[in-house]
Amino acid sequence: MGLFSKLGQSTDLVEGMAERLGVDLIDGIAKDPVGEARKLRRAVQNCSHCTNQVGCSDLQARNSELASAPQYCRNRDTLAHMSKR
């Protein structure tokens with residue numbers, strides 16, 4: 001998989017996980033454009049290094065809502081922090 005494909009897939013997974021956790025990425029970016037954009041970029045980069053993207057994709061396909069990100073998620077803490085706002 002090429003770099004841009006991998007980053008695109010990772011972006012979709014991060015956005016999907018955020019949606020299932022009730023994290024409003026757009027609202028966060030509107031409140032703090034620079035800081036939240038950096039967090040999102042870092043989350044996508046973290047996700048791109050994950051070895052379980054297929055499992056994450058399957059999890060998201062089976063669930064429209066999640067109470068928390070799975071243990072293997074490299075963005076678990078970041079997403080938990082973002083959902084507390």
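Trainee: Let me start with S48: at 15% relative accessibility, does this residue count as buried or exposed?

Mentor: S48 counts as buried, because its relative accessibility is 15% (buried is under 20% relative accessible area, exposed is over 50% and partly exposed lies in between, using a 1.4 Å probe on protein chains only). Keep in mind that this is a predicted model, where local features need pLDDT of at least 70, side-chain atom pairs count only at pLDDT 80 or more, and totals for chains, interfaces and linings use all residues. Residues are numbered from 1 along each chain as its sequence is written, and side-chain values use heavy atoms, with hydrogens and water left out.

Trainee: Where is S48 found, and which residues is it in contact with beyond its neighbours in sequence?

Mentor: S48 is found in helix 3 (helices are DSSP runs of H or I with at least four residues, numbered from the N terminus). Setting aside neighbours within four places in sequence, S48 is in contact with K6, L7, S10 and Q53 (contact means heavy atoms within 4.5 Å). A polar atom of the S48 side chain also lies 2.7 Å from the backbone oxygen of Q45.

Trainee: Q53 was among those contacts. Is Q53 buried or exposed?

Mentor: Q53 is buried, with a relative accessible area of 5%, and its place is in helix 4. Look at its side chain: one of its polar atoms lies 2.8 Å from the backbone oxygen of C47. Without counting residues up to four places away in sequence, Q53 touches K6, Q9, S10, L13, C47 and S48.

Trainee: Now N75. Where is its place, and what does N75 touch?

Mentor: N75 sits in the loop between helix 4 and helix 5. With a relative accessible area of 4%, N75 is buried. Residues up to four places away in sequence aside, N75 touches V14, R42, A43, N46 and C47. Between N75 and C50 there are 25 residues in sequence and 9.8 Å in space, C-alpha to C-alpha.

Trainee: How should I read the nonpolar core, and how many residues are in the largest one?

Mentor: In soluble globular proteins, nonpolar side chains tend to be buried together. Here the largest nonpolar core has 18 residues, and V14, M17, L21, V23, L25 and L79 have the most contacts inside it (a core is a set of buried Ala, Val, Leu, Ile, Met, Phe, Trp, Tyr and Cys residues joined through side-chain atoms within 4.5 Å). Helix 1, helix 3 (33–48), helix 4 and helix 5 (76–83) each give two or more residues to this core. Helix 1 provides the largest share, five residues.

Trainee: How many cavities of 30 Å³ or more does the structure hold?

Mentor: Rolling a probe the size of a water molecule over the atoms shows where empty space is left. This structure holds one such cavity of 30 Å³ or more (a set of points on a 1 Å grid over the protein atoms alone where a 1.4 Å probe fits but cannot get out, with lining residues having an atom within 4 Å of a point). The largest cavity has about 110 Å³ of space (the space filled by probe spheres set on the points, which are joined across faces, edges and corners). Its lining has 13 residues, with C47, C56, C73, R74 and N75 nearest its centre. Helix 1 (3–21) and helix 4 (53–62) are the elements that give two or more residues to that lining, and helix 1 gives the most, with three.

Conventions
1 Å grid on protein atoms, 1.4 Å probe; cavity = no way out; pocket = protein on both sides within 12 Å on 5 of 7 lines; lining within 4 Å. Polar contact = N/O pair within 3.5 Å; in protein donor to acceptor, adjacent residues only side chain to side chain.
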